[in-house]
Amino acid sequence: MGLGGRKFAFFLGFSLFFPVFLSFSLFFWVFLYLSGFFGLSVLFGSFCSLCFLAILGVDMASFLASFVAPDLLEIVFLSLRVSGAALVLGCVFGFPLGAALAAAPWRGQGVLRLLVAVAMGLPPVVVGLFLYLLLNRAGPLGWMALLYTPSAMIVAQVILATPIIAGFSGEVFVRVAADHRDLFRSLGLTRWQVVLTLLYESRLGLVAAATAGFGRAISEVGAVLVVGGNIAHATRIMTTAIALETSRGDLNRAVILGVILLVLALLVNLFFLWLRMRLDDTPRVGKRLGKRAGFFS
Amino acid sequence: MHAGISASANAAMSASSADSGQMVPLLELREVSLWRDGCALLRGVSLTLFAGERVVLLGANGAGKTCLLSVAHALMNASGGAVLWRGLEPKREQRHEQALVPQESVLLRRSAEANIRHGLLPLKLSGREVKERTAAALAQVGLTGRAQTRAQVLSGGEKQRLVLARALARKPALLLLDEPTARLDPSHTQAMELAIGQAADQGTAIFFVTHDPVQARALAQRVLFLHAGRLLADLPAEQFFAQASQSALPREAYQYLKSRSLTMD
């Protein structure tokens, strides 16, 4: 097969139509959601996403059929399960770590801050390698038999997401605490009242930190590939499947997976956006765009 | 409104000056100095403030007005001297009797009402009392209709009024105000002054920082003049503004008033 047909369509699709149609369907998803017509936004967004796929040259029949294909759903759900667990654990470890970074100076805080900053940019493959050395049968933790299981992938993603969540939430805590220090002293709040108020006032920033951590977890290939092994029906998730299908030349399937991953990312981010708005909007005033002043504030 | 305030102010002043000898002052600063980065921000400031008094602190920008207020409210620790609350070393509980309205309004990301309720948290009031005080404070500053609005979408003037309401709901013995109306338009300023005047009439001591001598004249029983960290004048308001013509005031204070064309020459 020369340069033409399928391959050319993909080339054209990715270089030209991808940004245009992706932003078009994003527009429908996001804008209509903001305007409060949630049901409509789902319909139009899906329609636009389908058009976008058709123009990419994806075979519609096989695309729709792939939704009922059990192995694809399996991959999607495993992705969500692993990254969801990594998100929860990342928050459990990351928020207190962020608080420790933001707390009054203590011995070793500077070192911890440096470590978190470095860990925020850890190369995933290196994390995977490190975990592999720990978890393989001859390694110090080999007796746990975690290698090539979803648990090992969760551990890898937690290691990647926790520093992001800790770093961002630390920044949030520092800023909120600085803004409110004089107020809290002036009101004469007790220690616990200060802590609880700070946590509640940081809620929007904490959701943003969690969003960033989830993004890191679900988009990651290297570490899960090394410790998960990309075993079909066991440890294959979306990113590793895309890498595999692309290298195998099954671009149709790779694109379908890629688009599903993007749509999932969009949905998850919409959820986080909704959560932030919900947390900010103490009394529900109305559902229309005009009444939601301060949405982006 | 101004006439009403000064009339009751005179009455209160004669009463307080009569028996101030025996009374323990609400707030007392003894030779307070404050150093930051090798600069003296306050030099040997001494003052006493009795319950129910209305004191206005005048001074140019950078005179140390906000620093003095922060030290009095124990937001900053003085480098030297002592700050006494009811004749005692200040504790955390003293804050329950003080309330501060700062220059920049700091509000929580909650509804207006929830902001006031949060301010009442340390006072350990009953649920009903909290409800009553919240409603009363909102009414006092004219924000009843905005009770459920999120604080961060209020206008600048409304925010500042909400901060005042939060302070008033605590029913403090001493209300510290740091140029609360500096950035407000006349109508918001008037609403604030009215609410502050009402609080003062109910016996709250007022410590008001401003660089608006007109406002000072309307609210003050006593005027303090701060210049470069020194307290240059501590006079009854009548005397302070009357002496403006005789140049009996310290030179800096006189020039300050003159620059606002408030001298009587």
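Helices are DSSP runs (H or I, at least four residues), numbered from the N terminus. I recorded that this is a predicted model, in which local features need pLDDT of at least 70 and side-chain atom pairs count only at pLDDT 80 or more, while totals for chains, interfaces and linings use all residues. Residues are numbered from 1 along each chain as its sequence is written, chains are lettered from A and ligands numbered from 1 in the order in which they are written, and side-chain values use heavy atoms, with hydrogens and water left out.

I looked up the volume of this second largest pocket, which is about 430 Å³. A pocket is an open set of points on a 1 Å grid over the protein atoms alone, where a 1.4 Å probe fits, with protein on both sides within 12 Å along at least five of seven lines; lining residues have an atom within 4 Å of a point. A volume is the space filled by probe spheres set on the points, which are joined across faces, edges and corners. Helix 7 of chain A gives the largest share of this lining, 5 residues.

I then examined the helix pair. Helix 7 (residues 150-187) and helix 9 (residues 203-218) of chain A pack at about 155°, with axes 8 Å apart. Axes are lines fitted to C-alpha atoms over the stretch in contact, and angles run from 0 to 180 degrees between N-to-C directions.

Finally, I found about 570 Å³ of space in the largest pocket.

How values were computed. Helices (H or I, at least four residues) and strands (E, at least two) are DSSP runs, numbered from the N terminus.
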